[in-house]
Amino acid sequence: MRIALVNPRKEGVLTRFDQVEPVGLLSLCVILRQRGHEVSVHDFNLPILDGEPLDRGLDGALREAEVVGVSVVGTPQVASTVEVLRRTRELAPRAFAIARD
């Protein structure tokens, strides 16, 4: 099964404590891969050299995904979670989408 796991962008005033690795998604990724699934992880909170969020490849991953899992830690991620789910419906209308804290 093709699975895309997404950590949406956090909006608002962020501190250095807000920029942490999505350990839950990464752990889930390892378990799913061990069970033979094809998994991609997309973290919108990792800055790249030009200061833009790292989101390259998300549209392609969404188009191919059968399942999309979105991690929502709190209010700062609600708006971008809605956007990820909207894009999922546009690009992969048959995909099963899960948004969970």
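Reader: Hi! Which residues lie nearest the centre of the largest pocket?
Author: Leu5, Leu25, Leu28, Gly69 and Val70 do, among the 13 residues that line the largest pocket. A pocket here is an open set of points on a 1 Å grid over the protein atoms alone, where a 1.4 Å probe fits, with protein on both sides within 12 Å along at least five of seven lines; lining residues have an atom within 4 Å of a point. This is a predicted model, where local features need pLDDT of at least 70, side-chain atom pairs count only at pLDDT 80 or more, and totals for chains, interfaces and linings use all residues. Residues are numbered from 1 along each chain as its sequence is written, and side-chain values use heavy atoms, with hydrogens and water left out.

Reader: Thanks! How much space lies in the largest pocket?
Author: About 190 Å³, the volume being the space filled by probe spheres set on the points, which are joined across faces, edges and corners.

Reader: And by class, what does the lining have?
Author: The lining has 8 nonpolar, 3 polar and 2 charged residues. Ala, Val, Leu, Ile, Met, Phe, Trp, Tyr, Cys and Pro count as nonpolar, Asp, Glu, Lys and Arg as charged, and the others, Gly among them, as polar.

Reader: New topic: is Ser71 buried or exposed?
Author: Ser71 is buried, at a relative accessible area of 17%; buried means under 20%, exposed over 50% and partly exposed in between, using a 1.4 Å probe and protein chains only.

Reader: What does Ser71 touch?
Author: Leaving out residues up to four places away in sequence, Ser71 touches Val6, Asn7, Pro8, Leu25, Gln77 and Arg100, where contact means heavy atoms within 4.5 Å.
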